[in-house]
Amino acid sequence: MSNSEQKSESKQTVFILGGTGTTGTSIVNGLLESGKYHVILGVRSASLSKPAILKLQERGVEIRSVELSDSPEKLDAVLQGVDTVIFATSSAEVDKQPRWADAAKRVGVKRFIPDDWAIPCERGTMKKYDQKAAIHDYIKSIGLGYTFIDVGVWTAFSLPADTDTSQGMFPPSISHIISGSGDIKSATTHIPDIGKFVAEILSDPRTLNQYVFCWGEEKTQNELWEIARRVKLELTGEPLKVTPKYESEAHVVERAKNAEDGTFAQVGAEYLLSLYAKGNNIVEKAKRPEFGGALDARELYPHLKVTTVEEVARTLYKPTAQA
Ligand SMILES: NC(=O)c1ccc[n+]([C@@H]2O[C@H](COP(=O)([O-])OP(=O)(O)OC[C@H]3O[C@@H](n4cnc5c(N)ncnc54)[C@H](OP(=O)(O)O)[C@@H]3O)[C@@H](O)[C@H]2O)c1
């Protein structure tokens, strides 16, 4: 056995589904950079030959071919030797998780981290949240070890995109909507910081069977626009091209009600309500029992340097190479 094999055997083995997505890439990077984990990606056959997969193999990631809907026997086989399972697939696949939780329980996985990675919420506010909360209930009901992780809103999603190429609730237009007064705080996390938090959480016994809220800064929409305007002007000498579209809470409620079930328009409107009407996306609420009683990742890991909104704005609004 080679030295590198011996080393990787003593590391916690983490199996990730969705490891090439936005959240998944951050998690994989965080785990690899920490040097503490043996990382395995579950990849569907259609994606096995993607360049991203080959690059990850070069970085020491093990690839196991599997479909989310494979047989229980196949799922058991693919999870052999795994300590921790992380789901970071697109949210359309959330309902596929119970079969994976069953397999994880059968083969002795110690911790299952389902596909959350979003905002704290109370039940009955957002259909997407309720769908994810039902998965929490299932994991608890079968006695599988877990950690539930939310990260607020990605900072790059919270700042206004300085381009206007779509309409309604689709990006980037949704980032131009100021709901109500614009003075409600909302937690943001820079995407690359997600994986840094996860690398801490997975080695921390305090987080087993707990809900953890990861966040960088809390800002109101008015504060985010102020940062965007100032940074764009400072970096380019020009004002933002876009202006806020003010929308009343009643109007957003109407949008949510009229949107077809499960569509992005509905998810978008319910997010706006939860974020900026109810003010749910703050650490103080995440800690409340009715929100799941979160542990605050900033309190757990005070040494971890998080990226500020200002720093993200400086990368978002910097002049492009052609300009
Ligand atoms: N906090 C926020 O601001 C925020 C924003 C957006 C999303 N989210 C949440 O973050 C979570 C992850 O979303 P994301 O946007 O990061 O994901 P994403 O970028 O859409 O990535 C999806 C990943 O899932 C894989 N995948 C998709 N369908 C699959 C299938 N049928 N079988 C196997 N693999 C499949 C993709 O792999 P392939 O290479 O095979 O396609 C890819 O690796 C979701 O729960 C979402 O709600 C949060």
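Two strands pair if DSSP finds at least two bridges between them. On that basis, tryptophan 154 stands opposite threonine 189 in S9. The model described here is a predicted one.

- Three strands, in the order S7-S9-S11, make up an open sheet whose pairing is mixed.
- The edges are held by S7 and by strand S11 (217-219), each of which has a single partner strand, so one side of each is left without a neighbour in the sheet.
- S7 and strand S9 (residues 186-189) run parallel and are joined by two bridges.
- Within S9, threonine 189 is the residue opposite tryptophan 154.

**The sheet S6-S10-S13**

- Another open sheet is formed by three strands in the order S6-S10-S13, and here the pairing is parallel.
- Its edge strands are strand S6 (147-150) and strand S13 (295-296), each of which pairs on one side only.
- S6 runs parallel to S10, and four bridges join them.
- In S10, phenylalanine 213 is found opposite aspartate 150.
- Strand S10 (residues 210-213) also pairs with S13, in the parallel sense and over two bridges.
- Valine 212 has leucine 295 of S13 as its bridge partner.

**Helix packing: how the pairs are described**

- Two packed helices are described by the angle between their axes and the distance between the axes.

**Helices H5 and H6**

- Helix H5 (residues 97-107) and helix H6 (residues 127-141) have axes that come within 10 Å and cross at roughly 20°.
- Angles under 35 degrees count as roughly parallel, and the crossing angle therefore makes H5 roughly parallel to H6.
- The crossing in which H5 passes H6 is right-handed.
- On the H5 side the contact is made by Gln97, Pro98 and Ala101, and on the H6 side by Ile135, Tyr138 and Ile139.
- Five residues of this contact of H5 with H6 are nonpolar and one is polar, while no charged residue takes part.

**Helices H2 and H8**

- H2 packs with helix H8 (residues 191-201) at an angle of about 50°, and their axes are 7 Å apart.
- H2 and H8 are therefore oblique to each other.
- H2 passes H8 in a crossing that is right-handed.
- From H2, the residues that meet H8 are Thr22, Thr23, Ser26, Ile27, Val28, Asn29, Gly30, Leu31 and Ser34.
- From H8, the residues that meet H2 are Ile191, Pro192, Ile194, Gly195, Lys196, Val198 and Ala199.
- The contact of H2 with H8 comprises eight nonpolar residues, seven polar residues and one charged residue.

**Helices H9 and H14**

- The axes of helix H9 (residues 221-236) and helix H14 (residues 309-316) cross at roughly 45° and come within 9 Å.
- H9 and H14 are therefore oblique to each other.
- Their crossing is right-handed.
- H9 contributes Leu224, Ile227, Ala228, Val231 and Leu235, which meet Val309, Glu310, Ala313 and Arg314 of H14.
- Seven residues in the contact of H9 with H14 are nonpolar and two are charged, with no polar residue present.

**Surroundings of the ligand**

- There are 24 residues around the ligand, of which Gly18, Gly21, Thr23, Ser47 and Ser91 come nearest.
- Helix H2 (22-34) and strand S7 (153-154) are the elements that give two or more residues to the shell around the ligand.
- H2 gives the most to this shell, with three residues.
- By class, the shell around the ligand holds nine nonpolar, 11 polar and four charged residues.
- Thr23 is among the residues that come nearest to the ligand, and Thr23 is also one of the H2 residues that meet H8.

Notes:
Residues are numbered from 1 along each chain as its sequence is written. This is a predicted model: local features need pLDDT of at least 70, side-chain atom pairs count only at pLDDT 80 or more; totals for chains, interfaces and linings use all residues. A residue is near a molecule or strand if its C-beta atom, placed from the backbone, lies within 6 Å of it. Ala, Val, Leu, Ile, Met, Phe, Trp, Tyr, Cys and Pro count as nonpolar, Asp, Glu, Lys and Arg as charged, and the others, Gly among them, as polar. Axes are lines fitted to C-alpha atoms, for helices over the stretch in contact, and angles run from 0 to 180 degrees between N-to-C directions. Angles under 35 degrees count as roughly parallel, over 145 as roughly antiparallel, 65 to 115 as roughly perpendicular and the rest as oblique. A crossing is left-handed if the near helix is turned anticlockwise from the far one by less than a right angle, and right-handed if clockwise. Two residues are in contact if their C-beta atoms, placed from the backbone, lie within 7 Å.
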